[in-house]
Every structure is written in structure tokens, then in C-alpha cells.
Amino acid sequence: MRLTLGPLQYFWPREQVLAFYRAAAAWPVDVIYLGETVCSKRRELRTRDWIALAEELAGSGREIVLSTLALLEAESEMSSLARLVDAGFRVEANDMSAVQLLRERGLPFIGGPTLNVYNHATLRLLREDGLQRLVLGIEHGRALVEEFRASGEPLPELEITAWGRLPLAYSARCFTARALDLAKDDCGFRCLEHPDGLPLASREGTPFLTINGIQVQTSGRCDLGPELAELRAAGIGLLRLYPQAAGMAEVIERFRRAIDSGVAPARAGEENGYWHGTAGMQCVTSP
Amino acid sequence: MHLVCPAGSPPALQAAIDNGADAVYVGFRDQTNARAFPGLNFTEVDLVNGIAYAHGRGRKVYVALNTYPGPAGLGAWRAAVDRAASLGVDAIICADMGVLDYAARRHPGLARHLSVQGSATTHAALRYYRERFGIARAVLPRVLSIQQVERLCEREIVPLEVFAFGSLCIMVEGRCQLSSYVTGASPNRHGVCSPAKFVRWDEEPDGVRRVSLNGRLIDRFAPHEPAGYPTVCKGRYAVGGETFHALEEPTSLNTLELLPRLQAAGVVALKIEGRQRGQAYVASVTNVWRQAIDRLRTRPQGWSPDAAWQRELARHAEGHQTTLGPYHRSWH
């Protein structure tokens, strides 16, 4: 079982991003996903900077993957996408535009969690297109993986999000700008002030969601560490851990120890519902 | 420009046709479509009659099969494609690639439209679906500005349909897990958003009503405050010390004033949302859009929307408010 560092979902100052990945090169992860997947207006690192970072990290012995934007709207975003696809690294395709560019070039790719792969027929089509690894959609759990296996269809490598706030939705609207009463086109890059997103609570103060620009995330962190044995039994090959502003080294260390020792860690995050086939916000404690 | 109207029931279908819809879209009575609500949708007999009614008047019937089956459910979705084909519908509206592929191979003569749930927002994504499954049309997600819609039309990859009026999904369709996160029931898999069985209304002694979804508070309303259906995206929440509609207020999309631009861009069809709405809604909204499209055809010079049309549409809008939504750049 391998550990992957998922793409950074938040908007951090350039120096913070570079420091994070310099540290990551020494962390015990097997794969590092790089790139802006949420908002093309976030340009502390431009496309060429992400590619340069990938080149720099390529010598670290880690598999380096470039991740694409989940929601593309503008022509300029298509141009950035083409530059990522042509950069010579493996690519995580996070929408069908990326799949099409990769397929046209005959390049193998990783299917990201926003591709909507719900059955083996879809999976077969994407494998024909060049998909070699599938990052399961966030609402997919054990039952889907079991059904994939039962279908008899050859399966690619399977990766699941095992740690972090799950991306729940994307919009044309920027919710951070809306919360600050700013126009999206003149947002002042205020996401920089929220390195782990902007918390959203119910009217009675219960933490509920996290606003992250045009993306909405969970408030609680998904944690499938305690499910380690089930994940292994289901044939999950890679565990994705999403970056957070503080304590990432400890998060990775906890999973590394668990994989190496085969002993599942005590629960640290708040949610695991999707893996168990229920509402994602729930936490199912195994008997 | 074709007017494509919703029909959640046989009376709604008839209302749409009688008021000038060029096509209606319907769903079967199961989870194969994105409005799988109790009491809604068509049995096979309903659909046979509905198709006869529409075809007898030179109109078309599309069947939405736009949810995503899991491996075990794929057979049922394929059977629904076969059923739609054998009943003689004019097109199926699909999102799942496995379903599209099956339809393209088994029923090549049956037109396939890419559902809004397919989340195709660029020329490259549209090319994918055209090359892979020979789609005849794509419905664009409600995330693009009017300029972006115009540019996509210029590419002429596949004829495009856009949303014209109705409840506004604030998130990219096919990519929203808010309902799934709170209830476990998702638009993609189950064809429902925030299903009623998870909704709970409680009245406090002072008359304040609390509405929660699977135990999570979505909003609270003062005694005389109008209260809408509690989808997660339209609740009021606390962010940074303020309580407001942090994601979206209850409002409906209304693009009537953009009609000339949509036509000039080459958009082939306008979609009215609302298979969950009644016959009166369908009749009235269809009627307004029919008049608007017809007047644009016969008297394009100086076309502008009638105030009476806008009043009528606002009457049917969520919270009686309408917006141009993402079509308009300044929307936030």
C-alpha cells in the first residue's frame, strides 16, 4: 500500500507552498500530486511554476503527478491545461476536458475524484482512453469497490482519500468572495487569508462545511486510518492524504506507521461515512 | 430555437404541449432519472399515451436517464434505454458513459443528448462525448457566462442546449455531493437532492420554525417569514460572524432578457427546469417562453421582454426572485 499527498486544495502564499513541498520531498510518501485544482485565479504559482516544481521534485524519488483544474470555464484555462498535459509528467485528469487532451495525445493518465466513474462499463471506456489509476469519487466506498471486483472487469490501481476535508461541490460562484461581499472578478485573492478554508457553521454554531473559493468542502476531516485492514482487503493500493496548513508531517507519519506495522491507528479525524455506505458526514465506529 | 419543457406527470406533459413546447422531457418511475421523487414521473402506459399526444401535434419527447448507475444497477439502466427506444421516444438524455456507450451501440438510431449532469463545460469535453458516443446535443451546466456560451457555440462541436428558467442549481451539476454528504442520498446515484424523508420541521414556542436535514440545521424562520424547501445550498449559515445565505438564496434562474443573444449565438434549445413542479407552473412558464420566442422570430427588431412576461415568471420563481445567475459576470 502506497501513500499519496493529494493536490493542495487551498491558496497559500508562494513561499509557503514551496516550503511545504521542500519538506514533502523528505516525507515518507510515495506519490506527490501538484497543481491548482480549484481556481485558476490563484496564481501565487502559475502553471509554469507548478511544472518547475514538478521538475525539482522529480529527483526526490517520489512519483510526481500534475493535477488539473476540476472546473474549466475560460479559454485561458484550456491553454493552461494543455501546458500541464504536455509537460512530460503523469497527469491526474479532474474533468473530461483533460481526459480528451490526454486521449488525443495517447498519454496514460490517472482519473481524479471528480470524473464520475460509477460503474465498470465507464471504467472500461476510460481504461481504453488510457486510465491507469482511479482515484475514487468521494462518495464511493467499500460497496462500490466490491461491486467493481464482482463485475470481473480488470481494475486499474485504486486510490482512495483517507485523510482530509473532502471536496463536496464546485460552482461558478466564489463563496469566499460572496462571504466577504466582493465581486468574483475583483476578489482581492482573499483565500490567502484562509489557509485551511473558511469555516461555515449552522445557525446554532455546529461546524458544518468549509468554504474554499469556488469549492465547498466538509468541515470534519475524513479519516480512514482505522479502516486500514478493510481498505487493504478491498484491494485499495494507494491512500490519499490532502494537504493542510499545519501538522502534515504528523498526518503522514501516522499513516506510514500504520501501513508499515499493519496496526490501524486510533481515530483522529471526524468522518468516515462514505466508506461505510452512509451519509459522508457520519462517523461509523466498527464493532 | 426549440423550447424544451419539463413534464413530471401526464397532465404536465399535456400542459407543456398545449402551451407550445417543442419538446418535453420526462423520466421513468425509478432512479434512472434525476427527479426520482415519490408520485412523480411516467409509467410505460403513461409514456405511450404521452408520446402519442406529443407526436400527434408534431412535438418531441425526450427521456432523461441521467443518473449514474453502480455496477449492480447498470442492467436496469440499460433496460430503461431499451424501453425508451422501443416506445419510440425522440431522444434520451444521459450522463453516465457506460449508459451512453450502451445506447450508442445498441440503438444507434436513437438520438443521445448529454445531460447537464455530464458536467461538460469546454470544447474539449464536448469533443470527447461527440467522438466517443456520437451525441446529437449537449446540455451545458449552469456555470458559464453568456460570453463563454457564445464562444462554445462558435466552435460548432455539437448543438447546445442551455437552461433558460427554473430553480437554480448553484453547483456544477453532476459534481455536487452536498445532499449525499448530509443524507447519503445523492443526485448522481439516486436521482434526488435533500429527500423529504430526511427533512424535519420543528416549531419552537415563540413560533420560530427550525428545519433540519438528517439532524443538521439548515435554517430557522421567523413566524411569518416565507420558508423554502431545505436543500443544503439554500440554507442560512454562520460564516465569519455573519448569518446569511452563504451559498445561495432561494431564487430562480431567468434568462429571458438574454434570449436574442442566445439565439444569435446559435443555441439550439432552451430548457425549462421543473419536472417536480405542477401542471400550472408548466403551462404558465411554457406559455411565456413560447410567446417570447415567437415574437423574437416574427419581430426581432427592438425585441425586449414584456413586463407581464417577467411578472408571470417571477410568480413561479423560488422566493419570487429571479437572477441571470452565472450568465452574468457580476453575479456573486
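**View 1. An open, antiparallel sheet of six strands drawn from chains A and B.** The sheet has the strand order S8(A)-S11(A)-S10(A)-S9(A)-S11(B)-S12(B), and its pairing is antiparallel. Strands S8 (167–170) of chain A and S12 (242–244) of chain B stand at the edges with a single partner strand each, so one side of each is left without a neighbour in the sheet. On average, neighbouring strands of this sheet are turned by 30 degrees against each other, direction ignored. The model is predicted: local features need pLDDT of at least 70 and side-chain atom pairs count only at pLDDT 80 or more, whereas totals for chains, interfaces and linings use all residues. Residues are numbered from 1 along each chain as its sequence is written, while chains are lettered from A and ligands numbered from 1 in the order in which they are written. Helices (H or I, at least four residues) and strands (E, at least two) are DSSP runs numbered from the N terminus, and two strands pair if DSSP finds at least two bridges between them. Axes are lines fitted to C-alpha atoms, for helices over the stretch in contact, and angles run from 0 to 180 degrees between N-to-C directions.

View 2. Strand S9 (residues 198–201) of chain A and strand S11 (residues 237–239) of chain B run antiparallel and are joined by two bridges. A:Leu200 has B:Val239 as its bridge partner in S11(B).

**View 3. Strand S7(A) and its pairing partners.** Six of the eight residues of S7(A) are buried, so the strand is largely enclosed by the rest of the structure. A residue is buried if 20 or more other C-beta atoms lie within 10 Å of its own, exposed if 12 or fewer, and partly exposed in between, with C-beta atoms placed from the backbone. Strand S6 (residues 131–135) of chain A runs parallel to S7(A) and is joined to it by three bridges; A:Arg133 is partnered by A:Glu157 in S7(A). Four bridges connect S7(A) with the parallel strand S13 (residues 238–241) of chain A, where A:Leu239 is the bridge partner of A:Ile160. Strand S12 (residues 222–223) of chain A runs antiparallel to S7(A), with two bridges between them, and A:Asp223 is the bridge partner of A:Trp163.

**View 4. Helix H6(A) and its buried residues.** In helix H6 (residues 142–150) of chain A, the residues A:Leu144, A:Val145 and A:Phe148 are buried. These residues cover an arc of only 100 degrees around the axis, which puts them on the same side of H6(A); the arc is that of the directions from the helix axis to the C-beta atoms. Their cover includes helix H5 (120–129) and strand S7 (157–164) of chain A. A:Gly152, whose phi is positive, near 80 degrees, follows H6(A).

**View 5. The largest nonpolar core.** Of the 188 residues in this core, A:Val91, B:Ala16, B:Val24, B:Tyr62, B:Leu65, B:Ile92 and B:Ala138 touch the most other members. A nonpolar core is a set of buried Ala, Val, Leu, Ile, Met, Phe, Trp, Tyr and Cys residues joined through C-beta atoms within 7 Å. Helix H5 (residues 123–133) of chain B supplies the largest share, six residues. Domain 1 (2–168 + 251–327) and domain 2 (178–244) of chain B both give residues to the core, so it lies between them; the domain bounds come from an automatic or database domain assignment.

Technical notes:
Two residues are in contact if their C-beta atoms, placed from the backbone, lie within 7 Å.
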